[in-house]
Amino acid sequence: MTDRSTPEHASEEHFRLLVQSVIDYAIFMLDPQGRITTWNIGAERIKGYSADEIIGKHFSIFYPPEDADKPARELEVAAVDGRLEDEGWRLRKDGTRFWANVVITALYDSSGELRGFGKVTRDLTERRNAELRLSERRRLLSHLVEAQEIERRRIAWDVHDDSLQSMIALGMRLQLLADELPPKYASVARELDEAVNGTVNRLRDLVFRLRPPGIDQRGLVEALSSYAGVVLPRRGLDVTLRPELDHEPEPETATTIFRICQEALTNVLKHANAKAVHIDLSTMDEGVRVRITDDGTGFAVTTLDWSSGRDHFGLIEMRERAETAGGWWTISSGETGTTVEFWLPTTG
Ligand SMILES: Nc1ncnc2c1ncn2[C@@H]1O[C@H](COP(=O)(O)OP(=O)(O)OP(=O)(O)O)[C@@H](O)[C@H]1O
Ligand SMILES: [Mg+2]
């Protein structure tokens, strides 16, 4: 007979109470044949059976029909290896399923005889659903980014093969015409030719910006540095790229980062009247943080009207791209210039 007053007994009793009252885990014991011998509140909550209903039943009752051979196999493995961990569907009393993480531990007495098994089960349904939602979102995002890039490539080809070629042909005809006209009209024709040349250059710029950046072949940093290296110095802007990335982001994230940077740099060229721009890339909070800072004139962010999107498509597009990818985007500006900063999550 056990002496209820000994310290060992008191601590055993406390331990039993602790296990009994754990609500987040189903913790119970099986005899060597797999029949349930103890039951706690967590088990009642997760599986729906009361202790009276379930004690004495075989634990195979928790397994769905397609896993009929699993219970026996799991006990065998646990008895040999000492422990077994598994994830899969389990049944509640009402027949509904939950996604369970299960650990079965074999319990041997001091003489080495198998006395039974301890079983701890967690309900991971919510976590699994959240993971599925996240991977679905990633899948949709990569489709969206891919579709946008295909559309951009198509527009680039159309502009290149149609509008640009027509403009070039028009310019050549104007030159020929200018050569044949009397001087009075020739100068008008040359002015028109210059205007056409200006349009040709702008269309070339547009095609260059629309073209996919070739991230798949060269990686993000290389694509960004060659883009910035071509576009910015041509307009007298000094650019520094500081890439401090632990790893290359996946292609759709890299493309999104590239497109946001491109939009921010276009704004620097268009509005800032800056001398220098810094692009910082760093790995942060399981994602990539990018900061683009110019030393230009700046502007009053607070006076912007975000609602219509008709006049200021660039800022809205940057923010939407970042938020669609599950990240954030901000802009701040003052007399010393403008900073665009954003963060996108990465998977690897
Ligand atoms: N780096 C910058 N320096 C100074 N002003 C800026 C800068 N970036 C944005 N702005 C200001 O914010 C406004 C909104 O920018 P946004 O990119 O949304 O529109 P936009 O460049 O005028 O037109 P769009 O991008 O649609 O062609 C700009 O018109 C400009 O006044
Ligand atoms: Mg813009």
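This is a predicted model: local features need pLDDT of at least 70, side-chain atom pairs count only at pLDDT 80 or more; totals for chains, interfaces and linings use all residues.

Helix H9 (residues 251-272) lies across strands S6, S7 (287-294) and S9 (337-345), and runs at about 10 degrees to S7.

The strands belong to an open sheet of five, in the order S5-S6-S7-S9-S8, and their pairing is mixed. Strands S5 (238-244) and S8 (328-334) are at the edges with a single partner strand each, so one side of each has no neighbour in the sheet. From one strand to the next, the twist averages 10 degrees. S5 and strand S6 (residues 276-284) run parallel and are joined by seven bridges. Arg242 stands opposite Asp280 in S6.

The domain assignment of the protein gives three entries, tabulated here.

| Domain | Residues |
|---|---|
| Domain 1 | 7-123 |
| Domain 2 | 129-212 |
| Domain 3 | 217-348 |

Between the C-alpha centres of domain 1 and domain 3 there is a distance of 54 Å.

Ligand 1 has 15 residues around it, of which Ala272, His312, Phe313, Gly314 and Leu315 come nearest. H9 and helix H10 (313-324) are the elements that give two or more residues to this shell. The most come from H9, which gives five residues.

Notes. Residues are numbered from 1 along each chain as its sequence is written. Chains are lettered from A and ligands numbered from 1 in the order in which they are written. Two strands pair if DSSP finds at least two bridges between them. Helices (H or I, at least four residues) and strands (E, at least two) are DSSP runs, numbered from the N terminus. Axes are lines fitted to C-alpha atoms, for helices over the stretch in contact, and angles run from 0 to 180 degrees between N-to-C directions. Two residues are in contact if their C-beta atoms, placed from the backbone, lie within 7 Å. Domain bounds come from an automatic or database domain assignment. A residue is near a molecule or strand if its C-beta atom, placed from the backbone, lies within 6 Å of it.
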